[in-house]
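Biologist: I have the model open. Can you walk me through what was computed for it?

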Amino acid sequence: MRATVITSSDEKAVSELVGAFTAPLASAEIKVWNMSSALTEYCTGCEICVREGETKCRASRSVMPVWKSMETSDVIVLAFDVYFAGVPASVQNLFDHLRWASMAHRPRPAMRGKRAVVLCSGDGAKGAAKYAADVLRMWGIGSVRVLVRSGTDAASLTGARLLGLEFAGIDYDVPARVTFAMRRRFAAGRRAHSRDSADTLDGAYWRDNDMLK
């Protein structure tokens, strides 16, 4: 089993959640990315990644290693602390840089069978965790679990350990079940991209990967 852990910082509450979840995954290959240090160049909304390709982004040398780690993992863990009612800027920066990988543009088929976990702590964590889970689903991930910690609540750490035990027992040779909601989202994307010109990057991608059938 391979897991990619994406964190916003080394905040104690977040580190404890990650530690509790990963403790039962002793045999797993785990790669941790701290967005505060791994991705320091902020997205400017230039849309080069959408129009010309993700490797054309000026921050691609920092962004693509994180994405490749996610794409080749069985589980993606997104862990962050909430400072002001939303995801921290370092995590939002990753979301913005990976806009091209959403169903609105060029979703990777490999993401559909993956599993993801959102671990979140702080005031307003529930809403921020829901938003983060929605972003993961926009990348095509059908199975997303959420655990929210309130302050230093010890019960949440127990919940994270139990969730880690559950994930330790999964057979990752069997892809996660794609929910009806995800199939509906994909169908909406297919309808939208069936009208794209083959000359556009998105249109060519959906056609070349037989995603319009």
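**Rings, cores and cysteines**

Modeller: Phe95 and Trp139 are both buried, where buried means under 20% relative accessible area, exposed over 50% and partly exposed in between, with a 1.4 Å probe and protein chains only. This is a predicted model, in which local features need pLDDT of at least 70 and side-chain atom pairs count only at pLDDT 80 or more, while totals for chains, interfaces and linings use all residues. Residues are numbered from 1 along each chain as its sequence is written, and side-chain values use heavy atoms, with hydrogens and water left out.

Biologist: How far apart are the ring centres of Phe95 and Trp139, and at what angle are the planes?

Modeller: The centres are 5.9 Å apart and the planes are at 75°, so the pair is edge-to-face. Rings of Phe, Tyr and Trp (its six-membered ring) pair if their centres lie within 6.5 Å; planes under 30 degrees apart count as stacked, over 60 as edge-to-face and the rest as tilted.

Biologist: Where do Phe95 and Trp139 lie?

Modeller: Phe95 is in helix 5 and Trp139 is in the loop between helix 6 and strand 5 (143–149), so the pair ties together parts that are 44 residues apart in sequence. Helices (H or I, at least four residues) and strands (E, at least two) are DSSP runs, numbered from the N terminus. Ring pairs also link Phe95 and Trp139 with Trp67, Trp100 and Tyr131 in a cluster.

Biologist: How many aromatic pairs does the structure hold?

Modeller: There are 6 aromatic pairs. In one of them, the rings of Phe21 and Phe167 have centres 5.6 Å apart and planes at 65°, so this pair is edge-to-face. Phe21 belongs to helix 1 (residues 12–22) and Phe167 to helix 7 (residues 154–168), so the pair ties together parts 146 residues apart in sequence. Phe21 and Phe167 are both buried.

Biologist: Back to helix 5. Which of its residues are buried?

Modeller: In helix 5 (residues 89–97), the buried ones are Ser90, Val91, Asn93, Leu94, Phe95 and His97. Elements they pack against include strand 1 (2–7), helix 4 (60–71), strand 3 (75–81) and helix 6 (125–138). Contact here means heavy atoms within 4.5 Å.

Biologist: Which residues of the largest nonpolar core touch the most other members?

Modeller: Trp67, Phe80 and Trp139 do, in a core of 38 residues. A nonpolar core is a set of buried Ala, Val, Leu, Ile, Met, Phe, Trp, Tyr and Cys residues joined through side-chain atoms within 4.5 Å. Helix 6 supplies the largest share of this core, 7 residues. A second, separate core has 20 residues, among them Ala20, Ala28, Val77 and Val117.

Biologist: Changing topic, how many disulfides turn up?

Modeller: The search of the whole structure finds 0, with a disulfide taken as a pair of cysteine sulfur atoms within 2.5 Å. For Cys43, the nearest cysteine sulfur is that of Cys49, 6.5 Å away. Cys46 is in no disulfide either, and its nearest cysteine sulfur, that of Cys57, is 6.2 Å away.

Biologist: Why does Cys46 count as partly exposed?

Modeller: Because its relative accessibility is 41%. Cys43 counts as partly exposed at 32%.

Biologist: And which ring does the charged end of Arg112 sit over?

Modeller: The ring of Phe186, at 4.5 Å from its centre. A charge sits over a ring if NZ of Lys or CZ of Arg is within 6 Å of the ring centre and within 35 degrees of the ring normal. Lys31 lies over the face of Trp33, 4.8 Å from the ring centre.
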